[in-house]
Amino acid sequence: MNKPPINALVALAFALPLGAAEAKVVSPKEAAALVASGKAVLVDVRETEECAASGVAQPAKVLPKSDFDGDQKQWQAFLAANKGKQVLVYCASGRRSKAVA
């Protein structure tokens, strides 16, 4: 399965911890630079089945919005491991990523 490159995506960026800053739309080029510099991490908020069907941009981590809306077990561990970094979230249309941001 082909993995779409990060520069093919539009991401919303927000600073950790959640709610610490307003969401900001960043270009794919900005997102790629932030991730490459180690200042940010990329998160795909689509559901696991969607990601399996269409692929995930590398080096994104899949953290479904359903987990964010639920017990946040996956999100809590991920945020703790990436404390101090910006989180760039994306989905298929931008609606879920905007809700998470």
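A residue counts as buried when its relative accessible area is under 20%, as exposed when that area is over 50%, and as partly exposed in between (1.4 Å probe, protein chains only). Keep that in mind as you explore this predicted model, where local features need pLDDT of at least 70, side-chain atom pairs count only at pLDDT 80 or more, and totals for chains, interfaces and linings use all residues. Residues are numbered from 1 along each chain as its sequence is written, and side-chain values use heavy atoms, leaving out hydrogens and water.

**An aromatic pair**
- Rings of Phe, Tyr and Trp (its six-membered ring) pair if their centres lie within 6.5 Å; planes under 30 degrees apart are stacked, over 60 edge-to-face, and the rest tilted.
- The count here is 1 aromatic pair.
- Phe68 and Trp75 make an edge-to-face pair, with 5.3 Å centre to centre and 70° between the planes.
- Phe68 and Trp75 are both buried.

**Helix α1**
- Helices (H or I, at least four residues) are DSSP runs, numbered from the N terminus.
- In α1, residues 28-37, the buried residues are Ala31, Leu34 and Val35.
- Looking down the axis of α1, these buried residues fall within an arc of 95°, taken from the directions from the helix axis to the C-beta atoms, so they line one face of the helix.
- An α-helix has 3.6 residues a turn, so residues three or four places apart point the same way.
- Exposed residues Lys29 and Ala36 sit on the face of α1 turned away from its buried side.

**Cysteines**
- There are 0 disulfides (pairs of cysteine sulfur atoms within 2.5 Å) in the structure.
- Cys51 is buried at 5% relative accessibility, and Cys91 is buried at 11%.

Definitions and conventions. Helix = DSSP H or I, 4+ residues; strand = E, 2+ residues; numbered from the N terminus.
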